[in-house]
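Have a look at it first, and then follow the points below in order.

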Amino acid sequence: MSAVAHIKDYKTGKFYRDEFRGDISWNGYEHNNLLRNEGPAADGTLQFTDVAMATGSDEIRDSRGLATADFDNDGDLDIVLNNNPGDSGRAEQARATLLRNNVGERRNWLAIELTGTKSNVDAVGALVTVDYGGERSVRLVGAGSGFASQHSSRLYFGLGDKTYVDGVTVRWPNGSVERFDKDQNQPIATRQLIQITEGRGIQVLRLPARNKKTAGSNVVAERGGKRFGGFRVRPRRSVL
Ligand SMILES: [Ca+2]
Ligand SMILES: [Ca+2]
Ligand SMILES: [Ca+2]
């Protein structure tokens, strides 16, 4: 049996029975959650804290999809939500929500874009490893990140206070591996975008500067005129 296909069907009981629902509402109009990874506890299990209300990202509308991308090109990932109008008949209920990350750019980062030549051109399936100061981060270029959503294929690595990375390794979808590192006289500074084309090396770029005047005019509403923690809520303008 399906769960809720549509609220009108759900009200008929045709697709839905209370025995499945219990005391939980599944109508979609619950506050969204945003879970912060607190790292492992003493027993090794990962701990998470819901910071949605504290950061102003506890959207009440019926959000159905989520994707991340650096919408303002400042070096951190922002979040966009797709929302469902349901039975409201109100188009504004379906407008996307953009949650701008206002803290991530304070620390250092590296953005990486891949272009395949022998592999698929979007490099879907590529695995990128960044080594820095004895630590290692890994990102995968994926497709179909979530329901009706697709993350940006540009990869972002948070690097704390590091100003250079020791090496970048790309395992392309066809299995070939390329490494760029200091030993090859290719030190890579953080806070930059590097574009890697399969078999043709890297190009180091700065992210396109954000036009503050234009960006400011896009801000239609901020909840209560406030910034909430790391996020500013801009619920009235689709960016897609
Ligand atoms: Ca919601
Ligand atoms: Ca950003
Ligand atoms: Ca930011």
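1. Let's start at I112, which touches V128, L155, V168, I194 and I196, leaving aside residues up to four places away in sequence. Contact here means that C-beta atoms, placed from the backbone, lie within 7 Å. Please keep in mind that this is a predicted model, where local features need pLDDT of at least 70, side-chain atom pairs count only at pLDDT 80 or more, and totals for chains, interfaces and linings use all residues. Residues are numbered from 1 along each chain as its sequence is written, while chains are lettered from A and ligands numbered from 1 in the order in which they are written.

2. I112 and L110 touch the most other members of the largest nonpolar core, which has 22 residues. Such a core is a set of buried Ala, Val, Leu, Ile, Met, Phe, Trp, Tyr and Cys residues joined through C-beta atoms within 7 Å. Buried means that 20 or more other C-beta atoms lie within 10 Å of a residue's own; exposed means 12 or fewer, and partly exposed is in between.

3. Another core, of 5 residues, lies apart from it and includes F71, V80, L98 and L99.

4. Next, look at the open sheet of 4 strands, ordered β8-β7-β11-β12 with antiparallel pairing. Its edge strands, β8 (135–140) and β12, each pair on one side only. Strands here are DSSP E runs of at least two residues, and helices are H or I runs of at least four, numbered from the N terminus; two strands pair if DSSP finds at least two bridges between them.

5. Within that sheet, β7 and β8 are joined by 6 bridges, with V130 opposite S137 of β8. β7 (residues 127–132) also has 5 bridges to β11, where V170 faces V128.

6. On its way to β12, the hairpin has 5 residues between the strands, and G175 takes a positive phi near 100°. R171 has V177 of β12 as its bridge partner.

Definitions and conventions. Contact = placed C-beta atoms within 7 Å.
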